[in-house]
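Subject: The structure, and what turned up in it

Hi,

Here is the structure that I promised to pass on. Have a look at it first, and then read on for what was found.

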Protein chains: 2
Amino acid sequence: MTYSPGLHLVATFLTHQTATLQHSAAFKVLVDELISLHQLSKVGEVYHDFDGGGYTAVVCLTESHLSVHTWPEYGRVTFDVFLSNYRNNNHAKTQAIYNRIAAYFEPFDTTLNELTR
Amino acid sequence: MTYSPGLHLVATFLTHQTATLQHSAAFKVLVDELISLHQLSKVGEVYHDFDGGGYTAVVCLTESHLSVHTWPEYGRVTFDVFLSNYRNNNHAKTQAIYNRIAAYFEPFDTTLNELTR
């Protein structure tokens, strides 16, 4: 079996929906739904809510990881999702997760880097 | 205060030093040394060692995150480090951490993406 690089999507969103940037709870529910929907394997996670608003989180998967960091005072979110292709080609899942998360934050401006690694 | 984007370094290493890719314990010691040295704030971490070798890990910082995923059978490592500049300009720390981790894996081939976000 040869190695097939996976897709890593690295995004920065600017949004007016700053309520979604304050607390991690609803975001976590969405992430867990997506992990279940796409039959990924979570091996651990860290969610940290800052006093005064904003959160930082990482979710570790056997397939790789997701991360999010929010700055409600700037209407700014950095989000990334990386799924390797060790057992399956996960490009479509990576893209689907990205699309759903982007829809959640309703950005008016998006910077997206698509890395194959 | 305006927002100053942080530096996110996203690397793929190929290495012959596959012993460093088998188990996470020594890598974790190094990461914790770097977090202490650079006075960063860890809020949680996940390290997962696979049966048969290789590991996947994420470290959550108030400043953002680090991630690593290894495939010893391919001599392959993906590593990334992202430090935001919320309170301080952390570009030099990001670069220093990257350099030390790269030295640890002794890659003969490196693909590096430098993202400002």
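Helix H2 of chain B takes in residues 25–37, helices being DSSP runs of H or I with at least four residues, and strands runs of E with at least two, numbered from the N terminus. The expected span of a helix is 1.5 Å times one less than its number of residues. For the 13 residues of H2 in chain B this gives 18 Å, and the end C-alpha atoms are 18 Å apart, which agrees.

Before going further, please note that this is a predicted model, in which local features need pLDDT of at least 70 and side-chain atom pairs count only at pLDDT 80 or more, while totals for chains, interfaces and linings use all residues. Residues are numbered from 1 along each chain as its sequence is written, chains are lettered from A and ligands numbered from 1 in the order in which they are written, and side-chain values use heavy atoms, with hydrogens and water left out.

Back to the helix. Which residues of H2(B) are buried? They are B:Phe27, B:Leu30, B:Val31, B:Leu34 and B:Ile35. Here buried means under 20% relative accessible area, exposed means over 50%, and partly exposed is in between (1.4 Å probe, protein chains only). An α-helix has 3.6 residues a turn, so residues three or four places apart point the same way. On the other side of H2(B), B:Ala25, B:Ser36 and B:Leu37 are exposed. The cover over the buried residues of H2(B) includes strands S2 (42–49), S3 (55–61), S4 (64–71) and S5 of chain B, together with helix H3.

Just after H2(B) comes B:Gln39, with a positive phi of about 55°, and this is a residue other than glycine. B:Gln39 lies in the loop between H2 and S2 of chain B and is exposed, with a relative accessible area of 66%. In chain A, A:Ser64 also has a positive phi, near 145°. A:Ser64 is in strand S4 (residues 64–71) and counts as buried at 1% relative accessibility.

Now for the two chains together. Two copies of a chain are related by a rotation about an axis and a shift along it. Here a rotation of 180° with 0.0 Å of shift along its axis superposes chain A on chain B, with an RMSD of 0.0 Å. The two copies are thus related as by a two-fold rotation axis. The superposition is by least squares on the C-alpha atoms of residues with pLDDT of at least 70 in both copies. In chain A, A:Val58 comes closest to the rotation axis, its C-alpha being at 3.3 Å.

Where the chains meet, 37 residues from chain A and 37 residues from chain B take part in the contact, which means heavy atoms within 4.5 Å. Because 100% of the interface residues of chain A are also interface residues in chain B, the copies meet through the same surface. The area buried between the chains is about 2900 Å², and carbon and sulfur atoms give 67% of this; buried area is the accessible area (1.4 Å probe) that two parts lose on being put together, summed over both. In chain A, A:Tyr3, A:Tyr74 and A:Arg117 lose the most area to chain B, together 22% of what that side buries.

What about disulfides? A disulfide is a pair of cysteine sulfur atoms within 2.5 Å, and the count over all chains is 0. The sulfur of A:Cys60 is 12 Å from the closest cysteine sulfur, in B:Cys60, too far for a bond. A:Cys60 is buried at 0% relative accessibility, and B:Cys60 is buried with a relative accessible area of 0%.

A:Asn85 is buried, with a relative accessible area of 8%. Although A:Asn85 and A:Ser4 are 81 residues apart in sequence, their C-alpha atoms are 6.0 Å apart in space.

Enjoy exploring!
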